Amino acid sequence: MAGNITFTMIKPDAVEAGNIGNILQMIQAGGFRIKAMKYTKLSPEKAGEFYAVHSERPFYGELVEFMSRGPIVAAVLEKDNAVEDFRTLIGATNPAEAAEGTVRKAYATSIGENAVHGSDSDENALIEANFHFAGTEMF
Ligand code: DAT
Ligand code: MG
């Protein structure tokens, strides 16, 4: 059965471009309820840990540098079928391939700087939510 939470980050590029409000608007219009949210900044160590699964990929260093270069908005979102529906809302990793109406189509500038994160499985959604938030910070 599909789970009902996912984890997202509004990435440094979208924060720098002033798109926090626009992206939160799309998320809420998409039917997601905010369970937890914070404005924070990842250290290079934390960014590296979060993306450890990509540590052997050629873009890992660039990814860690990008994700730690400025503040982000981290949030836990609730909706039926949250992981899959949120991946649909944000669109393909590469904005050149993202569908019309998706967050990445609207706000991502490249495959590396693609405005938002969305968990890829129910298992990872829980791991990622707990990586950023204590149980007492989720409502
Ligand atoms: P997603 O964020 O859609 O889940 P992913 O998990 O494959 O994509 O990769 C994580 C992030 O790494 C992605 O949002 C941006 C970066 N990335 C992925 N592929 C890349 C590439 N070919 N070049 C540069 N950055 C890349
Ligand atoms: Mg991913």
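Visitor: Which residue takes a positive phi just after helix 5?

Guide: The model before us is a predicted one. In it, the residue that follows helix 5 with a positive phi, of about 90°, is Gly91.

Visitor: How many helices and strands does the protein have?

Guide: There are seven helices and four strands. Along the sequence they are arranged in the pattern β-α-α-β-α-α-β-α-α-β-α. The radius of gyration is 14 Å, close to the 14 Å that the globule rule gives for 139 residues, so the protein is as compact as a globular protein of that length. Along the principal axes, the C-alpha atoms fill a box of roughly 35 × 35 × 30 Å.

Visitor: Among contacts between residues at least 6 apart in sequence, what percentage join residues at least 24 apart?

Guide: The figure is 71% of such contacts.

Visitor: Let us return to the helix. Which residues of helix 5 are buried?

Guide: The general idea comes before the case. An α-helix has 3.6 residues a turn, so residues three or four places apart point the same way. In helix 5, which spans residues 82-90, the buried residues are Ala82, Val83, Phe86, Leu89 and Ile90. Viewed down the helix axis, the buried residues of helix 5 lie within an arc of 125°, so they line one face of the helix.

Visitor: Against which elements do the buried residues of helix 5 pack?

Guide: They pack against strand 1, strand 3 and strand 4, and also against helix 2, helix 6 and helix 7.

Visitor: Which residues does the UniProt annotation "binding site" cover?

Guide: According to that unreviewed entry, the annotation covers Lys11, Phe59, Arg87, Thr93, Arg104 and Asn114.

Visitor: Is Lys11 buried or exposed, and why?

Guide: A residue is counted as buried if 20 or more other C-beta atoms lie within 10 Å of its own, and as exposed if there are 12 or fewer. Lys11 has 26 other C-beta atoms within 10 Å and is therefore buried. Lys11 lies in the loop between strand 1 (5-10) and helix 1 (12-16). Beyond its neighbours within four places in sequence, Lys11 is in contact with Met67, Ile72, Ala115, Val116 and His117.

Visitor: Is Phe59 buried or exposed?

Guide: Phe59 counts as exposed, because it has 12 C-beta neighbours inside 10 Å. Phe59 is found in the loop between helix 3 (44-50) and helix 4 (60-67).

Visitor: What percentage of the 139 residues of the protein count as buried?

Guide: Of the 139 residues, 35% count as buried.

Definitions and conventions: Residues are numbered from 1 along each chain as its sequence is written. Chains are lettered from A and ligands numbered from 1 in the order in which they are written. This is a predicted model: local features need pLDDT of at least 70, side-chain atom pairs count only at pLDDT 80 or more; totals for chains, interfaces and linings use all residues. UniProt positions are given in the numbering used here, feature names are shortened, and annotations may be inferred rather than shown by experiment. Helices (H or I, at least four residues) and strands (E, at least two) are DSSP runs, numbered from the N terminus. Two residues are in contact if their C-beta atoms, placed from the backbone, lie within 7 Å. The arc is that of the directions from the helix axis to the C-beta atoms. The radius of gyration is taken over C-alpha atoms; the globule rule is 2.2 Å times the number of residues to the power 0.38.
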